[in-house]
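Let's take a friendly walk through this protein, from its helices and sheet to a few loop residues worth a look.

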Amino acid sequence: MPQFVNDIVNLFFPRLCQACGDALSPSDDQVCLSCMFHLPYTHFHRNPDHPMGRSLWGRVQCEGVAAYLFFRKGSKVQHLLHRLKYKGQYQVGTFLGQLYGQILVNQPPFNTAQLIIPVPLHPKRQRERGYNQSEMFANGLGKAMGIPVSIQNLRRSSISETQTHKGRVERWENVKKIFSVEDPEVLEGKHILLVDDVFTTGATIEACATALFEACNVKISVITIAYAE
Ligand SMILES: [Zn+2]
């Protein structure tokens, strides 16, 4: 579309920042410069001794663990994730994945991964939403890091109930049997980046990793968009 048409469209339908809601300038994509500057980046990838990594100690043997952002209630990160999960803004996931992927592509052990696997969404929820937000994030990571994304191999059964109001033990009881590996031979010997949207208790990551370790001999690193403190 010609630039002047673009300018007129922007005048009447300004593209808005997915984090703060202000109008984006023409050179911005998804998130405005001010938000990009002020988002709460964890920098977890630089130093393995951080709370997200510690919460998986003794539960999942990981090569590396990191989240791009801190998740706090009422924050811009919560707003971003709300847009991604509930407002059809799937491109937010790809955008964040590409940004973090540009960092991780130079960061061991993450850059030695050979395959990216997003945590599958409950089939019913994926039908309702039309996409899996973790897969969108995985696609961005994969593009920036040059690593293929596999969405067929780790499967989620359709039996689990909503986890929102359950405690850690109950959540774990609930998720530990719902993931399965379709074709373990394809994964054998590989270093896998397991990818999710928000890391809270780690129960979902633990369940996925357990299913993968039981099915085949793999190494696992964990990457999420955000870590809830
Ligand atoms: Zn903004």
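A crossing of two helices is called right-handed if the near helix is turned clockwise from the far one by less than a right angle, and left-handed if anticlockwise. With that in hand, please keep in mind that you are looking at a predicted model, and turn to helices α5 and α7: α5 passes α7 in a right-handed crossing. Two packed helices are described by the angle between their axes and the distance between the axes. Here α5 (residues 91-104) and α7 (residues 133-145) pack at an angle of about 40°, and their axes are 6 Å apart. On the α5 side, the residues that meet α7 include Gly 93, Phe 95, Leu 96, Gly 97 and Tyr 100. On the α7 side, Met 136, Phe 137, Ala 138, Gly 140 and Leu 141 are among the partners. Sorted by class, this contact holds ten nonpolar, nine polar and one charged residues.

Now step back to the whole chain. Its secondary structure comes to ten helices and six strands. The radius of gyration is 18 Å, close to the 17 Å that the globule rule gives for 229 residues, so the protein is as compact as a globular protein of that length. Along the principal axes, the C-alpha atoms fill a box of roughly 60 × 35 × 30 Å. Buried residues make up 38% of the 229. Of the contacts between residues at least 6 apart in sequence, 75% join residues at least 24 apart.

Next comes the sheet. Strands of a sheet pair through backbone hydrogen bonds, either parallel or antiparallel.

Which strand does β1 pair with over six bridges? That partner is β6, in the parallel sense, and Phe 70 has Tyr 227 in β6 as its bridge partner. Leu 193 stands opposite Ser 221 in β6.

Between α5 and β2, the loop contains Pro 109, and the peptide bond from Pro 108 to Pro 109 is cis, with omega near 0°.

| Residue | Phi | Loop |
|---|---|---|
| Gln 30 | about 70° | between α1 (3-12) and α2 (33-38) |
| His 43 | about 60° | between α2 and α3 (51-56) |

Are these two buried or exposed? Gln 30 counts as buried, with 21 C-beta neighbours inside 10 Å, whereas His 43 is exposed, with 11 other C-beta atoms within 10 Å.

Ser 157, in the loop between β3 (154-156) and α8 (168-175), has 12 C-beta neighbours inside 10 Å and therefore counts as exposed, the cut-off being 12 or fewer. Ser 157 and His 122 are 35 residues apart in sequence, and their C-alpha atoms are 7.2 Å apart in space.

Methods: Residues numbered from 1 in each chain as written. Predicted model: local features only at pLDDT ≥ 70, side-chain atom pairs only at ≥ 80, totals over all residues. Helix = DSSP H or I, 4+ residues; strand = E, 2+ residues; numbered from the N terminus. Rg over C-alpha atoms; globule rule 2.2 N^0.38 Å. Buried ≥ 20, exposed ≤ 12 C-beta atoms within 10 Å, placed from the backbone. Contact = placed C-beta atoms within 7 Å. Axes fitted to C-alpha atoms, helices over the stretch in contact; angles between N-to-C directions. Nonpolar A, V, L, I, M, F, W, Y, C, P; charged D, E, K, R; others polar. Pairing = 2+ DSSP bridges.
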